[in-house]
Amino acid sequence: MTSTQVGKNTGDTVPGATPEEGYERGLGSRQVQMIAIGGAIGVGLFLGAGANIAKAGPSLILMYALAGVIVFFIMRALGELLLYRPVSGSFAEYAREFLGPFFGFVTGWTYWLMWIVTGMAELTAAAIYVNFWFPAIPQWVSALVFLVALFIANLISVKIFGEIEFWFSMIKVTAIIGMIVIGLGVVTFGFSQAGDTASVTNLWAFDGIFPKGIGSSLMTLQGVMFAYLAVELVGVTAGESENPEKTLPKAINTLPWRIIVFYVGALSVILMVVKWTEFQPGVSPFVAAFAKIGIPAGAAIVNFVVLTAALSSCNSGMYSTGRMLRDLAANSEAPKMLGRLSSTKTPAVGITLSVALMGIGVVLNYVVPEKAFAYVTSVATAAGIWTWLMILVSHIRYRRAVVAGRLPASSFPAPGGTVCSWIAVVFLTMVTVMIAIDPDSRVSLYVGAGWALCLAVGWAVLKSRNPQVAERTVTGEPPLGSAGSPRD
């Protein structure tokens with residue numbers, strides 16, 4: 001199906017087979033499920049929700065629910081592709097197969113960029129969180145320790161990565177469920193310092209559900225979508241899951257429940273306990289809620305949870321960037337050495353390159369203003385939207401080929417066929433327009449334009465050195481002129 005194969009002994013990529021060969025299928029169902037859950041709970045929820053509540057009030061709950069529906073459409077489209085052909089390259093591989101090699105090249109490198117910039121921000125954020133307890137420790141020391149520790153863990157084996165991510169996700173899940181239970185207890189029984197003011201009516205009592213208008217609420221969607229970034233990480237694990245035919249559908253089908261509980265449920269309870277008018281940008285809504293309830297160690301508990309969320313994101317970034325670089329190398333779209341596997345069956349060279357660039361980000365964050373974090377998240381969101389669009393368009397092209405009888409049907413078809421994918425495409429286009437309207441987020445489009453120019457130049461150089469890279473035809477499409485037959 002693809003143009004490369006992994007050498008049995010060296011781990012090099014050679015023409016002829018799939019880039020996921022050579023990986024260890026070391027991720028069990030327990031780990032894949034938690035990776036999927038952890039991908040839906042990040043710093044965007046723990047920290048970013050505070051600013052969005054100040055902008056939109058209680059309507060933010062509806063924005064998370066709306067975005068959650070779209071994310072589910074995206075994941076079901078991805079699930080259908082994964083069960084058609086589970087590969088570690090995932091999004092880039094499907095873009096390459098159904099849209100052409102150029103789109104695979106762009107998607108692979110763009111997803112890699114998304115995790116590099118996210119890793120830069122998360123690593124620095126983790127060091128700042130450590131200063132909460134140990135202000136005497138220099139920020140660069142904490143950042144370096146975390147960077148080296150996660151780097152070593154990712155080099156050892158995929159099982160170690162899976163186990164770390166399992167426990168990081170367990171901490172986040174436990175914290176949110178605990179917040180929901182305590183919050184419901186406060187609202188129902190009136191105990192704690194917040195008991196006198198906590199009420200379900202707080203969701204509409206202060207200027208209604210849309211206190212600042214629907215337009216202001218819609219403008220929060222870009223921040224909401226950032227909170228959902230990494231939910232697609234489960235697709236990257238496909239090539240290393242023990243039983244992808246069973247674990248992946250289960251992980252994807254439970255996504256609505258995760259969204260309902262961890263986003264809609266948690267925010268609803270928080271806004272019942274604390275009036276939306278009391279939230280401020282830059283303050284975690286979870287910290288504010290614990291402080292209002294009067295739990296003595298609330299701030300420290302939330303700080304620990306947010307620290308694990310940052311480290312979880314950085315850990316995922318190291319994992320996914322190494323796999324994406326190997327997929328690019330396997331298709332002659334990146335240096336061949338990035339396709340090598342270590343003796344522990346990890347893409348060590350690709351991980352090392354990515355970690356080195358994340359380390360540069362730690363140094364850079366000493367000299368950039370705080371607004372750089374907002375810029376980084378907007379760049380990551382723009383890159384994530386591109387990835388999601390490629391998943392959706394690849395799904396639409398795949399379904400067209402299935403209907404025409406040119407490709408076999410997946411065992412996990414998306415409900416509604418391509419209708420839901422088209423709805424998601426329109427929604428993501430709308431979010432992109434909102435990013436362009438917002439002055440603070442607009443910078444991501446400028447960065448995106450520069451990145452697109454770099455990729456265009458890179459593709460031109462790649463074609464001049466290896467014309468065969470651009471000659472591969474699209475799977476499931478009829479032969480066009482002299483382009484040759486579709487790939488198998």
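## A partly exposed methionine

Met430 counts as partly exposed, at 31% relative accessibility. The model shown here is a predicted one. Met430 is found in helix α18, which covers residues 419–437.

Which residue lies 212 residues from Met430 along the chain, with the two C-alpha atoms separated by 9.7 Å? That residue is Leu218.

Side chains of opposite charge can pair when their charged atoms come close. A search of the whole structure finds 7 salt bridges.

One of them joins Glu93 to Arg96, with the closest N and O atoms 2.6 Å apart. Both residues of this pair sit in helix α5, residues 91–98. They are 3 residues apart, about one turn of the helix. Are Glu93 and Arg96 buried or exposed? Both are buried.

Arg96 also forms a salt bridge with Asp327. Here the closest N and O atoms are 3.2 Å apart. This pair links distant parts of the chain. Arg96 belongs to helix α5, while Asp327 belongs to helix α15, residues 298–330. The two are 231 residues apart. Arg96 and Asp327 are both buried.

## The Lys292–Glu278 pair

Another salt bridge brings together the side chains of Lys292 and Glu278, at 3.7 Å from N to O. This pair, too, links distant parts of the chain. Lys292 lies in helix α14, residues 285–293. Glu278 lies in the loop between α13 (255–273) and α14. The two are 14 residues apart.

## The nonpolar core

In soluble globular proteins, nonpolar side chains tend to be buried together. In this model, the largest nonpolar core has 138 residues. Those with the most contacts inside this core are Tyr64, Ile176, Tyr228, Phe286, Trp388 and Leu428.

What does Phe286 touch, not counting residues up to four places away in sequence? Its partners are Leu45, Phe46, Ile176, Met179, Ala266, Ile270 and Val302. One of these, Ile176, is itself among the residues with the most contacts inside the core.

Definitions and conventions
Residues numbered from 1 in each chain as written. Predicted model: local features only at pLDDT ≥ 70, side-chain atom pairs only at ≥ 80, totals over all residues. Heavy atoms only, no water. Salt bridge = Lys/Arg side-chain N within 4 Å of Asp/Glu carboxyl O. Helix = DSSP H or I, 4+ residues; strand = E, 2+ residues; numbered from the N terminus. Buried < 20%, exposed > 50% of the residue type's maximum accessible area, 1.4 Å probe, protein only. Core = buried A, V, L, I, M, F, W, Y, C linked by side-chain atoms within 4.5 Å. Contact = heavy atoms within 4.5 Å.
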